[in-house]
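Have the viewer open as you read.

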Amino acid sequence: MEIPGSPELHQLALMALDHGAASAENGPVIPFTVEEDSEGKRSVTRFDAGTLEASVATAHDHAGESEAARIALCFDGFVTLDDGRFDAVWVIAQDRSEEQALTFYQRYSTAHSAQGYTVIGNAGYGGENDPIFGTDEA
């Protein structure tokens, strides 16, 4: 299966997944965005609004107002696959030129699990998502 999106978007999403998965070693991931401008310069912003839901909503609002060429929003969650339910870091990423965002995930086991913290397998593609950039509609 060919995953939609530009190579630049894929690189941004993988970088955000790697950063999120590394952060998961120390406990729940604080939601963050990675904004990338047209020259490839990146900036990371974290969002800690007290709860995971509020933090993700705040990050999503921030992403909607971003002027970036592409953006990735990363947060902690779960993924259910044929072989079970796993802790996972999720990324919603979008190129400004695209109408839809794409989702990616990276499974991991927590430090409190029997095997301790470890990244499980490769990153996965979760499919299309609603756009995260704000719309230009009046």
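## Charges over rings

Arg-85 lies over the face of Phe-78, 3.7 Å from the ring centre. There's another case at Phe-133, where the charged end of Arg-96 sits over the ring, 4.0 Å from its centre. The rule here is that NZ of Lys or CZ of Arg must be within 6 Å of the ring centre and within 35 degrees of the ring normal.

A quick word on the ground rules: this is a predicted model, where local features need pLDDT of at least 70 and side-chain atom pairs count only at pLDDT 80 or more, while totals for chains, interfaces and linings use all residues. Residues are numbered from 1 along each chain as its sequence is written, and side-chain values use heavy atoms, with hydrogens and water left out.

## Aromatic pairs

A search of the whole structure turns up three aromatic pairs. To pair, rings of Phe, Tyr and Trp (its six-membered ring) need centres within 6.5 Å; planes under 30 degrees apart count as stacked, over 60 as edge-to-face, and the rest as tilted. Take Trp-90 and Tyr-105: their ring centres are 5.2 Å apart and their planes sit at 50 degrees, so this pair is tilted. Trp-90 belongs to strand β4 (residues 84-95) and Tyr-105 to strand β5 (residues 101-109), so the pair ties together parts that are 15 residues apart in sequence. Strands (E, at least two residues) and helices (H or I, at least four) are DSSP runs, numbered from the N terminus. Both Trp-90 and Tyr-105 are buried, where buried means under 20% relative accessible area, exposed over 50%, and partly exposed in between (1.4 Å probe, protein chains only).

Phe-104 and Tyr-125 also make a pair, with ring centres 5.6 Å apart and planes at 55 degrees, so this one is tilted too. It links distant parts of the chain, with Phe-104 in strand β5 and Tyr-125 in strand β6 (residues 118-129), 21 residues apart. Phe-104 is buried, at a relative accessible area of 6%.

## A salt-bridge network

How many salt bridges does the rule give? The count comes to four, taking a salt bridge as a side-chain nitrogen of Lys or Arg within 4 Å of a carboxyl oxygen of Asp or Glu. Glu-36 has a salt bridge to Arg-42 (2.6 Å, N to O) and one to Arg-70 (2.6 Å, N to O). The Glu-36 to Arg-70 pair links strand β1 (residues 32-36) with strand β3 (residues 70-81), 34 residues apart.

Arg-70 forms a salt bridge with Asp-95 as well, the closest N and O atoms being 2.8 Å apart. That pair connects strand β3 with strand β4, across 25 residues. Through shared partners, Glu-36, Arg-42, Arg-70 and Asp-95 join into one network. As for accessibility, Glu-36 is buried at 5%, Arg-70 is buried at 14% and Asp-95 is buried at 6%, whereas Arg-42 is partly exposed at 34%.

## Nonpolar cores

A nonpolar core here is a set of buried Ala, Val, Leu, Ile, Met, Phe, Trp, Tyr and Cys residues joined through side-chain atoms within 4.5 Å. The largest has 18 residues, and those with the most contacts inside it are Ala-16, Phe-32, Ala-72, Val-89, Val-91, Ala-93 and Phe-104. At least two residues each come from α1 (7-24), β1, β3, β4 and β5, and α1 gives the most, with six.

Leaving out residues up to four places away in sequence, Phe-104 touches a set including Ile-3, His-10, Leu-17, Val-89 and Tyr-125, with contact meaning heavy atoms within 4.5 Å.

## Gln-94, a buried polar residue

Is Gln-94 buried or exposed? At 2% relative accessibility, Gln-94 counts as buried, and its place is in strand β4. A polar atom of the Gln-94 side chain lies 2.9 Å from the backbone oxygen of Glu-98. Another listed distance, 3.2 Å, runs from the backbone nitrogen of Phe-133 to a polar atom of the Gln-94 side chain. Residues touched by Gln-94, not counting those up to four places away in sequence, include Leu-9, Arg-70, Pro-131 and Phe-133.

Conventions: A polar contact is a pair of N or O atoms within 3.5 Å; within protein, one must be able to donate a hydrogen and the other to accept it, and residues adjacent in sequence count only if both atoms are side-chain atoms.
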